[in-house]
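Reader: I've got the sequence and the model open on my screen. Could you walk me through the domains and the salt bridges?

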Amino acid sequence: MEYLKDLLLNIFIICSPLALYYYIYKIKNNKLLYRFCLYVLFSLAIITTMSFPINLNGLIYDFRSIPLAIGSLFGGVQVSIFLYATLLLYRYFQDSPNDWLYVLSILPSFVVFIFLYKSYSSLSLIRKITVAIIYCTLIKLMTFSIYLSVTGLLDLLVNKPGVTVQTYILQGFIAGICVYLIEMLHRFFMMQEEIVRSEKMKIVGDMAASVAHEIRNPLTTIKGFIQLFASADLDKDKRLLYQKICFEELDRAESIIADYLSLAKPDPEVVEAIDVHQEMRYLANVLMTYANYNNIQIQVMTEEEQAFHIQGDRYKFRQALVNIGKNAIEAMQSGGLLELKTMISDQHAWVILSDNGSGMSSDQIKRLGTPYYSTKEKGTGLGTMVSFGIIKKMNGKITVKSEPGAGTEFNLIFPKAN
Ligand code: ADP
Ligand code: MG
């Protein structure tokens, strides 16, 4: 019983870095911070497993080689060096005997690591698991063999063969499960990112026709004025006026293109204070082309004079609002009005998007945000899921009021920043 308790505790300790894997994944682009966090998590796991060894029928052992192996394989050479150093240092502070002998015994496993590490990240899942199990086993086997043969106690390694083999199998099994879980989490997060990215590109694609259409208007105007310029009897004032109109039209075309392109830009993923008024103006501009194309009016209502902010990733926030606004426009097949409203209280900021389109029944509202739910011929059914995910990550709340045939209102409530 005692053995089982210790074993479960150790499994829990070793798997604990996985609970924080999401946060580690988020910072993977910042190499230094990523490695540092991996080091901290796995070194804590090493220290804790060393502090709570397991007693299996008189054979005392611990699982230090699992966090050491996995941290090294996923973190790389620097992390590995620090993990080895931490292990040795902690062993020294535990007052274990023969410090230098232990250092010499464990070092060959580091050489093995250098060989294994090079191609580790490009291996298939099965190979990754196999390599981790082999490396884990080698750390323990090599260290013990060298250490015990020098101290003349090599028979300790074989005097309880059944129990010894059991520890190796258990260790391999736990290491394999750990690698499997890390890889699965990694794939899951990567897939989520991919969905967000592909939904973004879908919006960009859907809006391309309306942007092209919207740009044709200023071009036609400019073409007309250029023809006018050609006529000789144009006085200077008229010439200046026409020139001004031409420039204004060009600016308009330029800003339509700029807004459209910024929708497709890769997201820098920074959390910052977002000026809500500014974003509503952006949203109205971006949706305007799509709305015009579909014969729909947009009205922005921001009563508050003072600027106010919410916390989040600006580009993701845009993506969320554009998704919801685009759905509203698509729900108004025969024209209508899309209202964009903001409100504030002491602690909260509201963003409200309402349309007078087809509306939804309560069953349809319940299915909003679930993957692949779409009533459109070419819909993906991922737009609201992505939007809701982004809003929830910003600690926002979503309520949807809708009536079939009358229209829909999306209420988004965010905590106000500062
Ligand atoms: P898609 O737009 O690709 O269909 P979404 O996840 O964006 O996928 O939307 C899912 C479904 O929710 C839509 O197909 C539509 O039936 C419904 N929906 C979303 N917003 C509205 C709205 N404002 N009015 C009516 N129906 C809506
Ligand atoms: Mg949609």
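Reader: How much area do domain 1 and domain 2 bury between them?

Author: First, the ground rules: this is a predicted model, where local features need pLDDT of at least 70, side-chain atom pairs count only at pLDDT 80 or more, and totals for chains, interfaces and linings use all residues. Residues are numbered from 1 along each chain as its sequence is written, chains are lettered from A and ligands numbered from 1 in the order written, and side-chain values use heavy atoms, with hydrogens and water left out. The assignment, which is an automatic or database one, gives domain 1 (2–197) and domain 2 (269–415). Buried area is the accessible area (1.4 Å probe) that two parts lose on being put together, summed over both, and here that comes to about 460 Å².

Reader: Which residue forms a salt bridge with E269?

Author: A salt bridge here is a side-chain nitrogen of Lys or Arg within 4 Å of a carboxyl oxygen of Asp or Glu. The rule finds 1 of these across the interface of domain 1 and domain 2. For E269, the closest N and O atoms are 3.8 Å apart, and the partner is K26.

Reader: How many residues apart in sequence are the parts that this pair ties together?

Author: Helices (H or I, at least four residues) and strands (E, at least two) are DSSP runs, numbered from the N terminus. K26 sits in helix α2 (residues 21–26), while E269 is in the loop between α10 (236–264) and β3 (271–275), so the parts they join are 243 residues apart.

Reader: Is R64 buried or exposed?

Author: Buried means under 20% relative accessible area, exposed over 50%, and partly exposed in between (1.4 Å probe, protein chains only). R64 forms a salt bridge with D62, with 2.8 Å between the closest N and O atoms. D62 has a relative accessible area of 10%, which makes D62 buried. R64 comes in at 19%, so R64 is also buried.

Reader: Which residues are linked with K326 and E330 in a network of salt bridges?

Author: E330 and K326 pair up at 3.0 Å, N to O. They are 4 residues apart in helix α12 (residues 314–331), so about one helical turn separates them. The network also takes in K202, D206 and K376.
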